[in-house]
Amino acid sequence: MLEIKDLRAEVGGKEILKGINLTINSGEIHAVMGPNGAGKSTLSYVLSGRHGYEVTGGSVMYDGQNLLDMDPDVRACSGIFLAFQYPVEIPGVASATFLKTALNAQRKFRGEEELDAMQFLKLVREKTKELDIKDDMLKRAVNVGFSGGEKKRNEVLQMALLEPKLMLLDETDSGLDIDALKVAAEGVNRLRSPERSALIITHYQRLLDYIVPDFVHVLADGKIVKSGDKSLALELEEKGYAEISAA
Amino acid sequence: MAVSQETVEQVASVSEKYKYGFVSDIEADTAPIGLSEDIVRFISAKKDEPEWLLEWRLKAYRYWLEMEEPSWAKVDYPEIDFQDIYYYSAPKQKDKLKSLDEVDPEILEVYKKLGIPLKEQEVLAGVEGAPNVAVDAVFDSVSVATTFRERLEKEGVIFCPISEAVKNHPELVKKYLGSVVPYTDNFYSALNCAVFTDGSFVYIPKGVRCPMELSTYFRINAAQTGQFERTLIIADDESYVSYLEGCTAPMRDENQLHAAVVELVIMDNAEVKYSTVQNWYPGDENGKGGIYNFVTKRAACRGVNSKVSWTQVETGSAITWKYPSCILQGDNSVGEFYSIAITNNLQQADTGTKMIHLGKNTSSTIISKGISAGRAQSTYRGLVRMGRKAENARNHTVCDSLLIGDKCGAHTVPYIENQSRTAKIEHEATTSKISEEQLFYCQQRGLSEEESMALIVNGFCKEVLQKLPMEFAVEAQKLVGISLEGSVG
């Protein structure tokens, strides 16, 4: 599904990614762990096409297409979803409006009929119920005045509704209490299927107790220095990044 | 990728250029170019006006000659040659029209392109679920068609071109014309008094709630023509009316002048809602052409508990100079001003309001949303004045500016004058930029850059958009997106 080869990228003239190689097949869940400043968030932004994250070398193929040639919205419509570490506030735009606009943009892209207000409401109510999210959130402006936990729940709700093929989770666990963490994990696990993949970026192995990954990678100084299975995360927790990176 | 290409093209076609920029080939009856007493007499004669009105026009003209064009607004434009403008242009018509069927089909075609199905409205008048909006259409200088008149007449509501009101209801016109905006008021209002050609007249009798929205569409078609319409609305005791105004003009390389005057008179316990979607041609991306929109709008809340709301969405015009104002004379009267002003490319807008509190317990609310993109300059200029007798008067002002890109400007110039010891005045102002973060967030959910921009800006304007009548709000939301075309990337 996703094939990253020798990917190099810089931000503001500074090289952050220094040759990443990573292949994610359909149905697989990969976790990327690493210390601050290793390039974890940069990797998620490069994959989703954020402005200012300049690719200087290497290639990324997604479903047989050159991902790096696609605009951010085309990537989103093609099934790449980024759950933000810091979800952005959009004053005056109700969450429901935002979700409906996004969903219909994606449906239109795929050549599907757009949903009307009633159809949308029915669908979104199903999802909020599943994820134990209060409907009241839908009326509030996107992320405005949301607590840290609410923001992350909102990301999970968006993901549940948009049903992406590749989920990128950028430190979704940061700032979450254990209940919110379970909700977030539940959101990912519900979507888990042989056709869907995920790349989970996290500092701590705690999240991986709830979303069990098939592979764990350690990212340090812009490179993947070690890969393994779930047990690598536990090893990391025990020994710390410094020791593993040096090894 | 074929589907994505299609999406891109669809988006491009939606946001493409100025969609009302067509010119219609309609024979016009035009006065000689330039301005003189003879032209004023010519216009008055064309309209077959009574002597008192001609005298009033001439007084205004002579007064105007002594005046200087105001230069305090933060707008910059080459000097206007007032002798290089046509002051009267009317679509040629043979005889008096008896019904819509006799209106020049080409004009009807123009209105159809503008999305105002005049003919259909009349036809559908009896049908359930048909749009309940009465429309007056002003083409260049002359009102060409007013719909739903019979139904309104049953309620005693008068809705007609002002030139007709002069003939049929002279007592009302004579009493109120110039009573809110006298010809001595300012340079452009003096000019308007001298040369106004048409506009709408509305009278809502005592105790009547106008059964439908009243709407006027203004269109400037002929080249080098000034449009000077005059609107007069009188809401008698305990009455209510919601009035909508929409404006478009063809794309032309030269600038066109629009200097309108709108007067509202509101009596005891009456309410007027006045909504505008102004989409005059703004000029091209290099600032060539476009309408100079120098407009005086004022409401006099004369009665106790009277109320006026101005809601405006200003997206067009090369230059906007406009301050819809409220004179809150009656005790407990209420004035509201809700404004969205969008400027892109080289547009300039200097707009705001005046709230003049004279009566006791009067209150006013100002919510202004200014959006600047490209190299545009947008200024909010507003006056809140509390008179000596305005006991317990209150004002609340919120001015928010949104900047898109780094070459545009937003300015806020509030004037506050308080002579009342018990008045409360609040002023809040913010300036923000659309962040790259917000755009990326929307794009990451599947919206194109332009759709993202439109969504964010609509959110910014929401408080004001909510004040518009339903059918206008939808149009205005789309317009917000279209006006910002080319402002990203």
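Which strands of chain A does helix 1 (residues 40–48) lie across?

## A helix across a sheet

In this predicted model, helix 1 of chain A lies across strand 1 (2–11), strand 2 and strand 4 of chain A. The helix runs at about 110° to strand 1 of chain A.

Now for the sheet itself. Four strands of chain A make up an open sheet in the order 2-1-4-5, with antiparallel pairing. Strand 2 (14–24) and strand 5 (65–66) of chain A stand at the edges with a single partner strand each, so one side of each has no neighbour in the sheet. Strand 5 of chain A pairs with strand 4 (residues 53–62) of chain A over two bridges, in the antiparallel sense. Here you can find M61(A) opposite N66(A), which belongs to strand 5 of chain A.

## Two helices side by side

Next, look at helix 3 (residues 95–109) and helix 6 (residues 148–162) of chain A: their axes come within 10 Å and cross at roughly 30°. Because angles under 35 degrees count as roughly parallel, helix 3 of chain A is roughly parallel to helix 6 of chain A. Their crossing is right-handed.

Among the residues that meet are F98(A), L99(A) and L103(A) from helix 3 of chain A, and L157(A), L161(A) and L162(A) from helix 6 of chain A.

How far apart are the end C-alpha atoms of helix 3 (residues 51–65) of chain B? They are 21 Å apart, which agrees with the 21 Å that 15 residues should span at 1.5 Å a residue.

Several residues of helix 3 of chain B are buried, including L53(B), W56(B), Y61(B) and W64(B). Their cover includes helix 2 (37–46), helix 7 (162–168), helix 9 (187–195) and strand 8 (230–235) of chain B.

Methods. Residues numbered from 1 in each chain as written. Chains lettered and ligands numbered in written order. Predicted model: local features only at pLDDT ≥ 70, side-chain atom pairs only at ≥ 80, totals over all residues. Heavy atoms only, no water. Expected span 1.5 Å × (residues − 1). Buried < 20%, exposed > 50% of the residue type's maximum accessible area, 1.4 Å probe, protein only. Contact = heavy atoms within 4.5 Å. Pairing = 2+ DSSP bridges. Axes fitted to C-alpha atoms, helices over the stretch in contact; angles between N-to-C directions. Parallel < 35°, antiparallel > 145°, perpendicular 65-115°, else oblique. Left-handed = near helix turned anticlockwise from the far one by under 90°.
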